Amino acid sequence: MKAYLIESPVGLFLIDKTGKIVEKALFPRNPKDAALVFVEIRKGVLPAEYEDFTKRVASLDIERITVDNQATADLAMTIGGLSKVELNESDPAINRYRTRLSGMLVRLQLIESKDDYEKLVRDVSLELAKTAIGEAATRRDLFAVQTVRTIEDLDKVLNLLAGRIREWYGLHFPELDRLVEKHDSYIRLVQNLGTRDNFTEQALIDQGIPADKSQRIAEAAQKSAGAELPESDLAWLKEVCSSVLQQYKLREKAEGYTDKVLAEVAPNMSALIGAVLSAKIISIVGGLEGVAKMPASTLQVLGAEKALFRTITTGARPPKHGVIFQFAPIHTSPRWLRGKIARAVAGKLAIAARMDAYGGENQGVKMKAALDAKINELKTRYPEPPARKPGQNRTYGPPRREERGGRDDRRRFGGGGRDRRRWSPGGSGGGTGGGGGPRRHDRRDRERRQMNRP
Amino acid sequence: MSTVKSAVSLDGSILSVRLSKHPKFGGVFRIDQAENRQLATMSLAPGKTVYGEMIYRIDGEEYRSWDPYRSKLAAAILKGLEENPIRPGSRVLYLGAASGTTVSHVSDIVGPKGVIYAVEFAQRSFRDLVENVCKDRPNIVPIFADARFTLKYRSLVPSVEVLYCDIAQQDQTRIMVENMRTYLKKDGQYLLVVKSRSIDVSKEPADVIKAEAAFLERNGYTVEEKIRLEPFEKDHAMLIGRKKEQE
C-alpha cells in the first residue's frame, strides 16, 4: 500500500490513501518533553524510545512512503529504506492530511479538541523558541561583539569627558591644552599635579614627560594667562579626573578581554589584523559566521556603506576601505597604495574568517607573513603616485561634477552630496551636515519646471 | 456613536477621551483626546506594554494606542486602507515578526479565537518577540525559522486566511509567494510590505513597487490595493490582494 508520513508536535502519523491513521507514535503531552523529541524529529532522527514504531511500520506491507520535507524523508529512510521514500514538497494529499490532522486526532480521541491541539502547538513552539534563544547565548563571538561595542561606547564617552576637562582646566592653565596632545596624559597631569604652580620641570619629568617637553610646559606654566584656581574648586575637578582615568583603565581591560576571547573564537583573524579590529568587523556583521560567508570585496568596504550606496545611486567613486582602514598598514601608507593594500588585506581576511568559523587550522602567523610580503611588494612596485590622466585635475578625492558628467548627471539620479547642497533652493540645509541635498519632491518639482521651459 | 468617557492612563492620571470603533475595521478603535487622535486596539494582555505605547483603561477594558510610525499596518490604515484582511478570529501567518510591535496589535485584533504564526529569523529580535509579546499572549505561536525555507515550519503552521509579509530581503515577494502556495487558503488574502530600499536602492521606489506588483500578478495573485506609506515610512508601500480565481 501507499502511505504518507506526517510529523507534528503531537506525534508521528502514518496515513494511508483513504485518510486513515494506520500507525502512530505519540510524543509526550508535556510541552517541554514534546519539544525535546520534536527537535530530534526535525533533524531527521528518531529517538530510541520510538523504535517500536519503526518495527510496526516495517511489519506493514508498504510500497511507498510519501513525505513533504527533507527531515521527515531522512526519518522515513531509517524506517523503510531508501527505495520506498518519495519526497514531494507540494503533494496535495499530504497537504490535505496536514490540514485535517487536528480533526482526525479529535475523532480518534487522541486529543480533546482542536483548541487543545492549537494550544499544544503553541506551547511546543514556545519551548522550541526558548531553546533557540538559549543556543544564541552560548555563542562566544557574541560576547566579543558586546565587548567591542563597549569599547566603542567608552571611546565616545572618554573623548567627550576629556574635552570637558580640557575646557575646564583651560580656565586655569589654557596653554597646557596645546602642549599635551594625549587625553589620558593631560588628565593624569591635572590629577597628580593640581594647580599650575606645581608644573615644575622636575615634577613633569617625574610624571614621565620627556625633558624638552617638560621644560616648555614648565615655562608656559610660569607665564600662564589663566585665572587662579582655588583648592576647593580643584578638588572637585580632580574627582572627575580620577573617575575618567578609571574609565581609561576599564578600556584597557576591555581590550585585554577582547584579545583573550578572540584568541579562542577567531585566532586567524586576530593574528592577521589584531583582536580589536577583528571584533569590530564581527560586531558590524553580527557574528563570526556572517563574516565567513562574506566575499572579500564586501569585507573591504564594510563600514563604508554610505559611500558604497552613493556609488550605486550616483555613480560616484567607490570607497576603497571601510573599517579595515584602521589596520595600521592601510592608514599609514601613502594614499595611492591604500586601495591596493586594503584589497590584499580583505582577501586574506576572508580566508582567515572562514578558517575561524568552520574550525580550520591555525595559519594566522603564516598568513600574516604572506600579507606583509604582499604589502612590501606593493610598496616597492608603486613608490610614486600614479600619473594624472590628461584633463584630470586630481587623482584622489570624490569625483567632481565635471568628472561625473556635469549637470545632466545630477538630473538623472537622486541622492545628493556635498556639492549638491549648495544648489538647493534658498540654500536650506547647507552646512548642517547629514541629510544630503534637497528633498526628493523638491527635486522632482524643479525637474518638471526645467522640462517645461520653452 | 461615541461619547466622552474618562480613561485612566497607566500612570494613574485621568483623561477625558472619546472612544469609538473604527467604522471599517473590526478590532480597531479610535481614541480621540482633544487634538490628539490615535488608533488603538483592545489589549489582550492587560497591564503590559510592548514598545512604550500609551495604555488607556476605559470601562473596564484596556486599549493600547497604535503608532503608525512604528507599525506599517497602522500606517496603511491611516493612509486609506479599504479592506483589512486581518479580522477578529483570523489565522495569520506573519513573516518578519521582528520584536513584535505590529504582531502585538494584530494579536489584539484577531483576539482569542484567532492565531498568529509569527516567523522571525534574527536571534536578537526573536528574543524580544518571545519575552515581551508571546509569553503574555496565548494566540501567538513564535517560530524561529528562515521564511525562505517554507517547509521547515510545515508541521506547526496549518493553512491560514491571511499572510502578512514584512521582511527586508531582496526577493521578499518571491519568498511570500512561496509561502502563499503552501499556507494560504483558497480565498485567503495577503498583505505585503514592499521595502523598495531593500529591493534596489538605485531604482525609484515607485518603479520597484510597480515591478513587485507585476510579479504578483504574473504568479497568479491579484493586487487590489497599493498604498504608499509616506510620511510614516519612507519608500515603503503596502500591497494587498488574493489568489486569482481560476478561469
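Among contacts in chain A between residues at least 6 apart in sequence, 56% link residues at least 24 apart. This is a predicted model. Chain A has 454 residues, of which 43% are buried. Its secondary structure amounts to 23 helices and 5 strands.

**Confidence in chain A**

- Chain A has a mean pLDDT of 83. In this chain, 85% of the residues reach 70 or more.
- Across residues 408-440 of chain A the pLDDT is below 50. Beyond near neighbours in sequence, that stretch still has 39 contacts in the model.
- Where pLDDT is low, predicted coordinates should not be read in detail.

**A helix pair in chain A**

- Two packed helices are described by the angle and the distance between their axes.
- Helix α6(A) spans residues 140-170, and helix α13(A) spans residues 275-285. They pack at an angle of about 105°, with axes 8 Å apart.
- Angles of 65 to 115 degrees count as roughly perpendicular, so α6(A) and α13(A) are roughly perpendicular to each other.
- On the α6(A) side, the contact is made by A:Asp141, A:Ala144, A:Val145, A:Val148, A:Arg149 and A:Glu152. On the α13(A) side, it is made by A:Val276, A:Ala279, A:Lys280, A:Ile282 and A:Ser283.
- By class, the residues of this contact are 6 nonpolar, 1 polar and 4 charged.

- B:Ala7 has B:Leu15 of β2(B) as its bridge partner.
- The β1(B)-β2(B) hairpin has 4 residues between its strands. There, B:Gly12 takes a positive phi near 95°.
- β2(B) also pairs with strand β3(B), residues 28-33, in the antiparallel sense over 4 bridges. B:Lys21 is bridged to B:Phe29 of β3(B).
- In the hairpin of β2(B) and β3(B), 6 residues lie between the strands. B:Gly27 has a positive phi near 80° in this hairpin.
- β3(B) pairs in turn with strand β4(B), residues 36-42, antiparallel over 6 bridges. B:Asp32 has B:Arg37 of β4(B) as its bridge partner.
- The hairpin of β3(B) and β4(B) has 2 residues between the strands. Here a positive phi, near 50°, falls on B:Ala34.
- β4(B) is joined by 4 bridges to strand β6(B), residues 61-66, and the two run antiparallel. B:Met42 has B:Tyr63 of β6(B) as its bridge partner.

**The open sheet of chain B**

- An open sheet of 7 strands has mixed pairing and the order β9-β8-β7-β10-β11-β13-β12 (chain B).
- The edge strands are β9(B), residues 140-144, and β12(B), residues 225-228. Each pairs on one side only.
- Neighbouring strands of this sheet are turned by 15° against each other on average, direction ignored.
- β12(B) pairs with strand β13(B), residues 236-242, in the antiparallel sense over 4 bridges. B:Lys226 stands opposite B:Leu239 in β13(B).
- Helix α3(B), residues 123-133, packs on the sheet and touches β8(B) and β9(B). Its direction makes about 160° with that of β9(B).
- Helix α4(B), residues 172-183, packs on the sheet too, touching β7(B), β10(B) and β11(B). Its direction makes about 165° with that of β11(B).

- B:Val194 lies in strand β11(B), residues 184-195.
- Buried means under 20% relative accessible area. B:Val194 has a relative accessible area of 0%, so this residue is buried.
- Leaving aside neighbours within four places in sequence, the contacts of B:Val194 include B:Gln172, B:Ile199, B:Ile209 and B:Glu212. Its contacts also include B:Asp235, B:His236, B:Ala237 and B:Leu239.
- B:Lys152 is 42 residues from B:Val194 along the chain. Their C-alpha atoms are separated by 24 Å.

Key
Residues numbered from 1 in each chain as written. Chains lettered and ligands numbered in written order. Predicted model: local features only at pLDDT ≥ 70, side-chain atom pairs only at ≥ 80, totals over all residues. Heavy atoms only, no water. Pairing = 2+ DSSP bridges. Axes fitted to C-alpha atoms, helices over the stretch in contact; angles between N-to-C directions. Parallel < 35°, antiparallel > 145°, perpendicular 65-115°, else oblique. Contact = heavy atoms within 4.5 Å. Nonpolar A, V, L, I, M, F, W, Y, C, P; charged D, E, K, R; others polar. Buried < 20%, exposed > 50% of the residue type's maximum accessible area, 1.4 Å probe, protein only. pLDDT = per-residue confidence, 0-100.
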